Amino acid sequence: MLKQIDKAKIKRAFYTGIVFLLVVCVLVISATFSNVNVYWYVSLNKPFHPPYWVYLFAWMILFLLIAISAIIILSKKETRKEHCPYALPLYLINAVLVSLYSILFFGLRAINLAFIETIFTLASIMLMIWCNLKVSKTAAYLLIPYLLWIGYTLFLHAMIIFSN
């Protein structure tokens, strides 16, 4: 019994480490490209644009919720394999999409492509929630604020497109 508890703790620590590294990679990529063309971004007409600190606070909370959701899914290996084998690839796809947004929008200034990419990000979150519901309702519910934030981001992005 003690060996099983130790194995479970080691697995959870390993999965937590993997999720932590993934979050750090997404943050580094996003931060790097977000700072590349900061003057260009400031010059854009942005109606309904919240203050910068709101973005920082929102993403900090969202990354925490996403990470907790991912750790829950990672720790339910048997259930995940049986009910939704695509759960982990969906998290990885979503991480790539979040990183890609900063590259497209800030790095390449491709506003229209970044808008389309945001639609794919929204779809990937919906798929993550749908898949997680089969494994853990808690993991799925933790992603709802993320879904709402990206929906709001899509609205803000559309306003930038129409205003510039």
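Author: Gladly! Keep in mind that this is a predicted model. Let's begin with Phe20, which has a relative accessibility of 55%.

Reader: Why is Phe20 called exposed?

Author: Exposed means over 50% relative accessible area, and Phe20 has 55%, so the label applies. Phe20 is found in helix 1, residues 2-34, and it contributes to a nonpolar surface patch of about 380 Å² together with Leu21, Val24 and Val28.

Reader: What makes Cys25 partly exposed?

Author: The label covers values between the buried limit of 20% and the exposed limit of 50%. Cys25 has a relative accessible area of 45%, so it counts as partly exposed.

Reader: How do you know that a disulfide joins Cys84 to Cys131?

Author: The sulfur atoms must lie within 2.5 Å, and here the S to S distance is 1.3 Å, so the pair meets the criterion. Cys84 sits in the loop between helix 4 (77-83) and helix 5, while Cys131 belongs to helix 6 (residues 111-135); the two are 47 residues apart and link distant parts of the chain. Both Cys84 and Cys131 are buried. A search of the whole structure finds one disulfide.

Reader: Why is the disulfide of Cys84 and Cys131 called left-handed?

Author: Because the torsion about its S-S bond is about -100°.

Reader: How do you know that the span of helix 5 agrees with what it should be?

Author: Helix 5 has 21 residues (87-107), and at 1.5 Å a residue it should span 30 Å; its end C-alpha atoms are 30 Å apart, so the two agree. After helix 5 comes Arg109, with a positive phi near 60°.

Note on methods: Residues numbered from 1 in each chain as written. Predicted model: local features only at pLDDT ≥ 70, side-chain atom pairs only at ≥ 80, totals over all residues. Heavy atoms only, no water. Helix = DSSP H or I, 4+ residues; strand = E, 2+ residues; numbered from the N terminus. Expected span 1.5 Å × (residues − 1). Patch = residues over 30% accessible without salt bridge, like charges linked within 9 Å, V, L, I, M, F, W, Y side chains within 5 Å. Areas by Shrake-Rupley, 256 points an atom, 1.4 Å probe, with all protein chains shown as cover. Salt bridge = Lys/Arg side-chain N within 4 Å of Asp/Glu carboxyl O. Buried < 20%, exposed > 50% of the residue type's maximum accessible area, 1.4 Å probe, protein only.
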